[in-house]
Amino acid sequence: MTIRKILVVDDSPTERLALNDVLTRNGYNVITAENGEQAIARSETDKPDLILMDVVMPGMNGYQATRTISRKEATRDIPIIMCTSKGQDTDKIWGMRQGALAYLVKPVDPDELLARIRAMG
């Protein structure tokens, strides 16, 4: 699967802008969501090739949104990378159990992120 369109989910405008900048400079089409509810809706309507998911957000958190997206028939094939400040081993294990394929701790290293994306597609 070729990764072209990436959904960036983060409640921080600064984080969304930073990820958008790195990804667009490397040829990816970026769409965004500010919370878990928007992430679920955009994953269904926009069919991204990959989702970068924050965890700590108001309303539905990233774990809940990841679990929902990874279990819905229409969106279960979309890979999810958690990008969050929650860096404990238990956080990582929980994120992977919810359906994430990878877990990166903020601040996200752009080279590591791009390498993970390229490895997926």
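1. Helices (H or I, at least four residues) and strands (E, at least two) are DSSP runs, numbered from the N terminus. By that rule, the protein chain has 5 helices and 5 strands, and along the sequence they follow the pattern β-α-β-α-β-α-β-α-β-α.

2. A word on the source: this is a predicted model, where local features need pLDDT of at least 70, side-chain atom pairs count only at pLDDT 80 or more, and totals for chains, interfaces and linings use all residues. Residues are numbered from 1 along each chain as its sequence is written, and side-chain values use heavy atoms, with hydrogens and water left out.

3. Now have a look at helix 1, residues 13-25. Its 13 residues reach 18 Å from the first C-alpha to the last, close to the 18 Å expected at 1.5 Å a residue (1.5 Å times one less than the number of residues).

4. Which residues of helix 1 are buried? They are Arg16, Leu19, Val22 and Leu23, where buried means under 20% relative accessible area and exposed over 50%, with partly exposed in between (1.4 Å probe, protein chains only). Seen down the helix axis, these buried residues fall within an arc of 135 degrees, so they line one face of helix 1 (the arc is that of the directions from the helix axis to the C-beta atoms).

5. The face turned away from that buried side carries the exposed residues Pro13, Thr14, Leu17 and Arg25. After helix 1 comes Gly27, with a positive phi near 90 degrees.

6. Back to the whole chain: of its 121 residues, 45% count as buried.
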